[in-house]
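Good morning, and thank you for coming. Please look at the sequence and the structure on the screen while I describe them.

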Amino acid sequence: MVKRRLIERKEIYSIDYAVVLAYLPGKKYDPGQKVPVDAILPDGIETVPRKFAINYCNKWMLEQSDYVVTYVKRTIGGAARFKGLGAV
């Protein structure tokens, strides 16, 4: 949902965005699966244990971005915690 809105806004405003992947494509990766062209991996993610990859990505995004667009359904959990970190 967020990506669709960003694509729409990119045509109107001068913005850049990226889809940040938390994991390297691995054994379960389906070659027929489409990896977004606008996808990136955070620097150093290959050294992070899989258990901590999402938290690492969230922190990395906050450090690298001027703005972060989030969509969170619940008020508890990792996504809600991440959203709160960026609040000003």
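This is a predicted model: local features need pLDDT of at least 70, side-chain atom pairs count only at pLDDT 80 or more; totals for chains, interfaces and linings use all residues.

I begin with the lining of the largest pocket, to which α2 gives the largest share, 7 residues. Helices here are DSSP runs of H or I with at least four residues, strands are runs of E with at least two, and both are numbered from the N terminus. A pocket is found on a 1 Å grid over the protein atoms alone: it is an open set of points where a 1.4 Å probe fits, with protein on both sides within 12 Å along at least five of seven lines, and lining residues have an atom within 4 Å of a point.

Residues are numbered from 1 along each chain as its sequence is written, and side-chain values use heavy atoms, with hydrogens and water left out.

How much space lies in the largest pocket? The volume is about 980 Å³, taken as the space filled by probe spheres set on grid points that are joined across faces, edges and corners. The pocket is lined by 30 residues, and those closest to its centre are Ala18, Val20, Met61, Val68 and Val69. At least two lining residues come from each of α1 (2–12), β1 (19–20), α2 and α3.

Let us turn to the chain as a whole. It has 3 helices and 2 strands, in the order α-β-β-α-α from the N terminus. Of its 88 residues, 15% count as buried, that is, under 20% relative accessible area with a 1.4 Å probe, counting protein chains only; exposed means over 50%, and partly exposed lies in between.

Beyond four places in sequence, asparagine 58 touches Gly78 and Phe82, where contact means heavy atoms within 4.5 Å.

The second residue is alanine 80, in helix α3 (residues 78–85). Its relative accessibility is 17%, so alanine 80 counts as buried too. Leaving aside neighbours within four places in sequence, alanine 80 is in contact with Val72, Arg74 and Thr75. Between the C-alpha atoms of alanine 80 and threonine 70, which are 10 residues apart along the chain, the separation is 9.1 Å.
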